[in-house]
Amino acid sequence: MRRDSRQFLVLVLVIAAAVALSGCGKKRVAEPVAQPMDTQALRGDDLPLTDRDETIYVEPGAGVFENIHFEFDKYRIRSEDEPILQRIARWLKENESIRVLIEGHCDERGTNEYNMALGEQRALAARRYLVGLGVSSDRLVTISYGEERPLDRASNEDAWARNRRAQFSVSQ
């Protein structure tokens with residue numbers, strides 16, 4: 001009888017230990033909650049245009065208006081592109097009747113929706129930089145073409161680097 005009591009006691013302890021250990025799993029780490037994206041800039045709400053832009057834009061002649069380029073998945077103005085934007089700003093200050101369309105472009109990687117948003121951010125980054133140099137914001141219009149208008153249709157790093165750009169057109 002005493003042996004049965006010990007066996008019963010051991011069995012109860014084993015079950016209690018199993019129950020206690022099953023409740024000691026890994027602590028759950030709260031997964032990060034996606035923060036809502038500030039879409040004001042994506043929607044162009046900061047742009048002063050209230051009416052449809054009927055301006056006809058053309059490719060500028062060679063010289064001042066070179067394309068600027070971006071790193072993969074970025075819309076930060078690179079230091080090597082700052083002189084280009086400074087030349088554009090100087091030229092625009094000397095030619096105050098000209099308006100500029102800034103096109104944001106991406107390479108083919110990423111979804112269409114993502115690339116449209118990224119292209120808009122690239123165009124807006126160039127616009128903000130020019131406004132910071134004293135160009136009136138109402139002379140600068142932005143549009144995103146995402147990946148839809150590549151300069152180079154190849155699928156390699158050189159082509160992707162050429163396609164990640166902001167391109168400028170000027171009003172007639």
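Guide: Here is a close look at one helix, its surroundings and the charged pairs.

This is a predicted model, in which local features need pLDDT of at least 70, side-chain atom pairs count only at pLDDT 80 or more, and totals for chains, interfaces and linings use all residues. Residues are numbered from 1 along each chain as its sequence is written, and side-chain values use heavy atoms, with hydrogens and water left out.

Start with helix α3, residues 82-94. Helices (H or I, at least four residues) and strands (E, at least two) are DSSP runs, numbered from the N terminus. α3 has 13 residues. From first C-alpha to last it reaches 19 Å, close to the 18 Å expected at 1.5 Å a residue. That expected span is 1.5 Å times one less than the number of residues.

Now its buried face. Buried means under 20% relative accessible area, exposed over 50%, and partly exposed in between (1.4 Å probe, protein chains only). Ile 84, Leu 85, Ile 88, Ala 89 and Leu 92 of α3 are buried. Their arc around the axis is only 135°, which puts them on the same side of α3. The arc is taken from the directions from the helix axis to the C-beta atoms. An α-helix has 3.6 residues a turn, so residues three or four places apart point the same way. The buried residues of α3 pack against β2, β3 (100-105), α4, β4 and β5 (165-171). Contact here means heavy atoms within 4.5 Å.

α3 also carries a charged link. Arg 87 forms a salt bridge with Glu 66, with the closest N and O atoms 2.6 Å apart. A salt bridge is a side-chain nitrogen of Lys or Arg within 4 Å of a carboxyl oxygen of Asp or Glu. Glu 66 lies in the loop between β1 (57-58) and β2 (68-69) and Arg 87 in α3, so the pair ties together parts 21 residues apart in sequence. Glu 66 is partly exposed, at 36% relative accessibility. Arg 87 is partly exposed too, at 30%.

Next, two of the packing partners. Strand β3 holds Gly 104. Gly 104 is buried, at 0% relative accessibility. Beyond its neighbours within four places in sequence, Gly 104 is in contact with residues including Gly 119, Ala 123 and Tyr 145. Gly 104 and Tyr 145 are 41 residues apart in sequence, yet 6.1 Å apart in space, C-alpha to C-alpha.

Helix α4 (residues 112-132) contains Glu 120. Glu 120 is buried and has no salt bridge. Its nearest side chain of opposite charge, Arg 127, is 8.0 Å away. Lys and Arg count as positive, Asp and Glu as negative; His and the chain ends are not counted. The Glu 120 side chain does make a polar contact with the side chain of Thr 142, at 3.0 Å. A polar contact is a pair of N or O atoms within 3.5 Å; within protein, one must be able to donate a hydrogen and the other to accept it, and residues adjacent in sequence count only if both atoms are side-chain atoms.

Last, other charged pairs. The salt bridge count comes to nine. In one of them, Glu 157 meets Arg 164 at 3.3 Å, N to O. Salt bridges that share partners join Asp 107, Arg 109, Glu 157 and Arg 164 into one network. Glu 157 is partly exposed, at 41% relative accessible area, whereas Arg 164 is buried, at 6%.
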